[in-house]
Amino acid sequence: MAVLVEQLITSDILKPARYLGNERLAVHKPWDAATVRWVLTYPEVYEVGASNLGHIILYNILNVQPNQLCDRAYLPAPDLGAKLRNNQIPLFAVESKRALTEFDILGFSLSYELGATNILEMLDLAGIPLTWKERSSEGSSSQSPVTSHQYPLIFAGGQTATSNPEPYADFFDFIALGDGEELLPEIGLVIAEGKAAGLSREELLLDLAQIPGVYVPQFYELGENGAVKPLRPDVPERIIRRVATPIPAYSIGLVPYVETVHDRLTIEIRRGCTRGCRFCQPGMLTRPARDVEPEKVVEAIEAGMRATGYNEFSLLSLSCSDYLSLPAVGMEIKNRLKNENISLSLPSQRVDRFDENIANILGGTRQGSLTFAPEAGTQRMRDIVNKGLTNEELLRGVKTAWEQGWDKIKLYFMIGLPGETDADVLGIAETVRWLQRECRGQGRRPISFNLTISNFTPKPHTPFQWHSVSTAEFARKQDLLRQEFRRIRNIKVNFTDIRLSAMEDFIGRGDRSLGKVLLRAWQLGAGMDSWYDSVETAFKAWGEAIAEAGLDWKYRQVENGEWNLFSLGNEEQEKLSPVTCHPFGVRQSLMGETPKTALAHLSPSSPLDLPLPWDHIDTGIDKKWLQEDLKRALEAAVVPDCSFEGCSHCGVCGTDFGHNIVIEPPAIPQFVGDFVPNTTKAQRLRVWFGKQGDMALVSHLDLMRLFDRVMRRAGLPVAFTGGFHPHPRIALASALSLGSTSSGEIVDFELTQPMDVEDFRTQLVSQLPSDIPIYRIEEIDLKAPAANQAMKAAEYLLTISTPGNVEADKWQDWIVAILDQDEILSEVMTKSGKQQSINLRDRLFEIDLVQVNTSPAESQAILRYLGSCRHDGVILRPEQILSILEIVAGAEFHLLHIHRNRLVLET
């Protein structure tokens, strides 16, 4: 049964359009026709989740499966979350508006170590017990038929879930490891068969555990030696990570009404990275590298831009520059969409591969930002982390960008890396100075840098997973850089929070004992911990939770950089049990100025051989290879990229995970020129339209963006403004307040070539939501004033309430009293912050009573009024009618609804 959301999704919450579920390309499948019903839940606010590419891809893939449907849910903002709790309404899926408990399976994306608190918040709002034990014991036994389950199966996927699921094991029925494109449909088939066979919850989970890539934590336990081992013989000892081939066509979907974090079409061009950066978990967890065929990328982008109406697209990869076809694909798309003011953005790139070819596809009318990640400030440190970047390559890439017109570039660095000295830290500042000196020229503004200095956080399944740094050391190194940066102009520096880095490390390399910490941290208010304004609350909550769990001693080890044994002698090690001696890092003192001295500690009996909480996750990379690569790091030895040079023997390539796929690049097409805005104004069409139903909850700015995308999808020849940032000539007459409906809105379109009005209407209506009806279209003289300049009045219908039983005659008396007044003064605040007295009566042209409904407790009336609405700010707003009534009647009034009938223009 659908949740009654009318009292929830209203204009008094922030961005209510987040929760409508009626986005362009959203899939609405019949509920009763589905055997298995999924919800993909992204545990972040809508703007983050709805633009996540993995979320979109899996949503599309599940909805093409026969007899299965997939809905979506997001972490509600605090205002909606409070409404849900106050009204005792469960969290719902955005499309069907059904409570999450009605679905068979809920999948959460877990891509951040501290993100589990958001998941617990969503489960609690949904009325679902937080742990798998509670879900098995409440409402139905684990032996009950699957069709009678009171609660859906809860699972997690994503990078953090794949790397080390143990801290979250208490909360999930199972974990999906690796790529989900093939894995999730297989899970759906097993669930369908289990429902048909009447399997119990435990039996169904046992069947799921047989699928490669599915880890069911309740069938495993933490052993005395720190290793995770099976509790029963019919589940695998190690669970393999799944690998799938990217399919760009599934990236096309979900065009939100509100502006999202990545408000563009995103197409994946390459999955996996074999550069071998020793700190990089995504690079280790996504091997082998797989290129997407250039023709499929081009087809997906062209089809996606037509289907969505976006004016920007992004090509996604861990290292876009390693996709050899990037210049050819980018230029081909740029040529094909030359006349549509389309721009391309890329994530952080390899600076050593940045050249004029890549600059050409990124440049143009709207030049986006450019981001490089040198990671370290000295050549020695870049060799230790296996960055594969020389000083000459760094300078060549930055200088090429500067010569091609970029005056501001983002650079990412890390501190706290193994083997780092103060000279290496200060080398970051010296590198910035050097780049600024080399990028100077007459007639050009000096190059500026936006720097992000991150604290290195060790990650499972990387060669640096045994490393550790104290928070005091991080603070000292940050202070070193702050002092040095004071002497450098034209830079902006951001440092990541040391406390949260320590928390991420504590959870990310933890074991099952941390489940109680996660739960208590959420109970104490932790949530949305990656947001800047939540840092203080989060840190306090996590600190208290750790102390209450009796694990503050363990967290102090993280803070002190002591989760390692490399400073201990053999006799001291023998005194400690394996559980106490978990190796979480080469001590910084051993990784200092002479890192080779630490090699003696990496013996066969080294703590590096002790079990780790994530050893049962088979990522394909051999643990021995990680140890050997750590030794190579201590020697500053570089391992080449196996996609383009010899095999590094990491263990991934084979039948289980496949092999690197590197596609030879096609020839780069000839550049046909940048977008030149067509400013020709051949025709102006004025459109009268309505804003009804859900569209009343779409803001004015979002409506403007909607019309831009509608024109692009419809292929209508809209004219552009000139200048550096051309915009389509689309002009809405007047903003309508959020939540108000209307049957009298006006928008002007200027076209580069004349069109038949009916043809224009047909193409426009085909791309508009049904709640934006078109009433009338007229051709207007190009020299006539625009609608927003010609406005003189607006007519509204207002639904107003007042306490008590007030009859129609009384309402009419109030209206007569208003009309009899010559002056009704009100104090307003000007834009400059000054108080100004205005005569509201001068702005009121007509007012009459349309309808009255009375009851002993409350009287409601519908009033029609015609008031001033001019572009110079002389406006009578609906809220001011309440002020007039209160002045005249001396009673209390409430504005329940606003409907705009029409806008009146000067003739």
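Me: Is His 461 buried or exposed?
Reply: In this predicted model, His 461 is found in the loop between strand S17 (448–455) and helix H16 (471–485). Its relative accessible area is 6%. Buried means under 20%, so His 461 is classed by its 6% as buried.

Me: Is Gln 88 buried or exposed?
Reply: Gln 88 also has a positive phi, near 55 degrees, in a residue other than glycine. It lies in the loop between helix H3 (78–86) and strand S3 (105–109). Exposed means over 50% relative accessible area; since Gln 88 has 74%, it counts as exposed.

Me: Which residue does a cis peptide bond join to Arg 287?
Reply: The omega angle of this bond is about 0 degrees, and the bond is cis.

Me: How many disulfides does the structure hold?
Reply: A disulfide is a covalent bond between the sulfur atoms of two cysteines. The cut-off applied here is 2.5 Å between the sulfur atoms. For Cys 650, the closest cysteine sulfur is in Cys 642, 6.0 Å away, and therefore too far for a bond. The number of disulfides in the structure is 0.

Me: What is the relative accessible area of Cys 650?
Reply: Cys 70, at 2% relative accessibility, counts as buried. Cys 650 is buried as well. The relative accessible area of Cys 650 is 7%.

Me: Which residue in S14 is the bridge partner of Ser 314?
Reply: Strand S13 (residues 312–316) and S14 pair in the parallel sense over 3 bridges. In S14, the partner of Ser 314 is Ser 345.

Me: Which element gives the largest share of the lining of the second largest pocket?
Reply: This pocket contains about 570 Å³ of space. Of its 24 lining residues, the closest to the centre are Asn 311, Arg 705, Asp 708, His 727 and Pro 728. Helix H23 (700–714) and strand S21 (730–732) are the elements that give two or more residues to the lining. The largest share, 6 residues, comes from H23.

Me: How many charged residues are in the lining of the second largest pocket?
Reply: The lining of this pocket has 9 nonpolar and 6 polar residues. The count of charged residues is 9.

Me: How many charged residues are in the lining of the second largest cavity?
Reply: The second largest cavity has a volume of about 100 Å³. Of the 14 residues that line it, the closest to its centre are Ile 56, Gly 253, Arg 264, Thr 266 and Tyr 310. Helix H2 (53–63) and strand S10 (265–268) each supply at least two lining residues. The lining divides into 7 nonpolar and 6 polar residues, and the number of charged residues is 1.

Definitions and conventions: Residues are numbered from 1 along each chain as its sequence is written. This is a predicted model: local features need pLDDT of at least 70, side-chain atom pairs count only at pLDDT 80 or more; totals for chains, interfaces and linings use all residues. Side-chain values use heavy atoms; hydrogens and water are left out. On a 1 Å grid over the protein atoms alone, a cavity is a set of points where a 1.4 Å probe fits but cannot get out, and a pocket is an open set with protein on both sides within 12 Å along at least five of seven lines; lining residues have an atom within 4 Å of a point. Grid points are joined across faces, edges and corners, and a volume is the space filled by probe spheres set on the points. Helices (H or I, at least four residues) and strands (E, at least two) are DSSP runs, numbered from the N terminus. Ala, Val, Leu, Ile, Met, Phe, Trp, Tyr, Cys and Pro count as nonpolar, Asp, Glu, Lys and Arg as charged, and the others, Gly among them, as polar. Buried means under 20% relative accessible area, exposed over 50%, partly exposed in between (1.4 Å probe, protein chains only). Two strands pair if DSSP finds at least two bridges between them.
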